[in-house]
Amino acid sequence: MRLLRIGAPGAEVPAVLGEDGAAFDLSGLTRDIDGDFLASGGIDRVREALAAGSLPALDTDGLRVGAPLARPGKVVCIGLNYRDHAEETGAAAPERPVVFMKDPSTVVGPYDEVLIPRGSVKTDWEVELAVVIGREARYLADPAAAAACIAGYTISNDVSEREFQLEYSAQWDLGKSCETFNPMGPWLVTPDEVDDPQALGLRLSVNGEVRQNGDTKNMIFEIPYLVWYLSQYMVLRPGDVINTGTPAGVALGLPGTPYLRDGDTVELAVDGLGTQRQTFHNA
Ligand code: ZN
């Protein structure tokens, strides 16, 4: 299933897409698509209602698409998780996952405007596969236990300000949590619709020029390992998100470091998970 949220910021209507792509209104089933919805078996209820044909149609024409998950509990990010990206940044391939946090209030819709922070000269892009947690993961016994904790997958643009991230502080968070820095969506795609999450192409272009063209098969630490690993150090809860890292091709690693400027448009795609498009403007 593909779950989504349609409407103005803060007033999104929860929805699901049928097989033919038509949208159905979920507001009779749930107030929103959030951690409580996922924790209480919401996805199963939607699946039953969709199969029963009992959901009202929703006209989405011309309406904004919001992030597919309301109020994420936390956004945990994995750095340098693709060998080619570690190389382009001059970093060694890590022996353990590089873990940092992103302020969950940075999450915006997949087609929303993104703000270049005041004083920024190094705003950069990162296309990523995002994992949404649907069941608590606490001290998982092994990576095989991770699948039961995953509600689905979506796309994140882990927007980053490299000067704030790398030059202002030993911790990366300052350059990762600026306003609007996590476009997410368009859909939360359930695992049954993703054949192999470790075989998905990821692409990103800036003003029509391809910059990133990777594949999740090149992750250093794969998704089940990451969920298991994180669960040894923190409790992952329904509605939490893991941004699993970005392949090569970010501005930081490109000749001439072509960081984003006012008016630039970034387009992202991950196989089976849809597309995003954001125009960047000065805050
Ligand atoms: Zn990232």
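Colleague: Which residues do ring pairs link into a cluster?
Modeller: Keeping in mind that this is a predicted model, the cluster held together by ring pairs consists of Phe-221, Tyr-225, Trp-228, Tyr-229 and Tyr-233.

Colleague: And how many aromatic pairs does the count come to?
Modeller: The count comes to six aromatic pairs. In one of them, the ring centres of Tyr-225 and Trp-228 are 5.3 Å apart and the planes stand at 55°, so the pair is tilted.

Colleague: Where do Tyr-225 and Trp-228 lie?
Modeller: Both are in helix H5, which covers residues 223-231, and they are three residues apart, or about one turn of the helix. Tyr-225 is partly exposed at a relative accessible area of 30%, and Trp-228 is also partly exposed, at 22%. Another pair is formed by Tyr-229 and Tyr-233, whose ring centres are 5.1 Å apart with planes at 50°, so the pair is tilted.

Colleague: Tyr-229 first, is that one buried or exposed?
Modeller: Tyr-229 counts as buried, because its relative accessibility is 10%, under the 20% limit. Tyr-233, at 55% relative accessibility, counts as exposed.

Colleague: Switching to the metal, which residues are the protein donors of the zinc ion?
Modeller: The donors are Glu-126 and Glu-128, each through OE, together with Asp-158 through OD, and they lie 1.9 to 2.1 Å from the zinc ion. Along the sequence, the spacing of the donor residues reads E-x1-E-x29-D. Glu-126 and Glu-128 are both buried.

Colleague: Which side chain meets Glu-126 in a salt bridge?
Modeller: That is Lys-176, with an N to O distance of 3.4 Å. This pair links distant parts of the chain, 50 residues apart, since Glu-126 sits in the loop between strand E8 (123-124) and strand E9 (127-133), while Lys-176 sits in the loop between helix H4 (162-167) and strand E12 (182-183). Like Glu-126, Lys-176 is buried.

Colleague: How many salt bridges does a search of the whole structure find?
Modeller: It finds 18 salt bridges. One of them is between Asp-192 and Arg-47, at 3.3 Å from N to O. Asp-192 is in the loop between strand E13 (188-189) and strand E14 (201-206), and Arg-47 is in helix H2 (residues 42-52), so the pair ties together parts that are 145 residues apart in sequence. Arg-47 counts as partly exposed, at 33% relative accessibility.

Colleague: Which residues are linked in a network of salt bridges?
Modeller: The network takes in Arg-5, Glu-12, Arg-31, Asp-32, Asp-34, Arg-64, Arg-71 and Asp-112. Within this group, Arg-31 forms a salt bridge with Asp-34, and their closest N and O atoms are 3.7 Å apart. Arg-31 counts as exposed at 63% relative accessibility, whereas Asp-34 counts as buried at 7%.

Colleague: What about Lys-74, what is it in contact with?
Modeller: Leaving aside neighbours within four places in sequence, the contacts of Lys-74 are Met-101, Pro-104, Met-234, Val-235, Leu-236, Arg-237, Asp-240 and Val-241. A polar atom of the Lys-74 side chain lies 2.7 Å from the backbone oxygen of Val-235. Lys-74 itself is placed in the loop between H2 and strand E4 (75-79), and it is buried, with a relative accessible area of 15%.

Colleague: Now the backbone: where is there a cis peptide bond?
Modeller: A cis peptide bond joins Gly-185 and Pro-186, with omega at about 15°. Most peptide bonds are trans. Pro-186 is in the loop between E12 and E13.

Colleague: And what is phi of Leu-80 near?
Modeller: Phi of Leu-80 is near 55°, which is positive in a residue other than glycine. Most residues other than glycine have a negative phi. Leu-80 lies in the loop between E4 and helix H3 (83-88), and it is buried at a relative accessible area of 13%. Asn-207 also has a positive phi, near 50°, and lies in the loop between E14 and strand E15 (209-215), where Asn-207 counts as partly exposed at 48% relative accessibility.

Colleague: One last thing, which ring does the charged end of Arg-2 sit over?
Modeller: It sits over the ring of Trp-187, 4.9 Å from the centre of that ring.

Note on methods: Residues numbered from 1 in each chain as written. Predicted model: local features only at pLDDT ≥ 70, side-chain atom pairs only at ≥ 80, totals over all residues. Heavy atoms only, no water. Donors = N, O, S within 2.8 Å, 3.2 Å for Na, K, Ca; no water. Buried < 20%, exposed > 50% of the residue type's maximum accessible area, 1.4 Å probe, protein only. Salt bridge = Lys/Arg side-chain N within 4 Å of Asp/Glu carboxyl O. Helix = DSSP H or I, 4+ residues; strand = E, 2+ residues; numbered from the N terminus. Polar contact = N/O pair within 3.5 Å; in protein donor to acceptor, adjacent residues only side chain to side chain. Contact = heavy atoms within 4.5 Å. Phe/Tyr/Trp six-rings, centres within 6.5 Å; stacked < 30°, edge-to-face > 60°. Lys NZ or Arg CZ within 6 Å of the ring centre and 35° of its normal.
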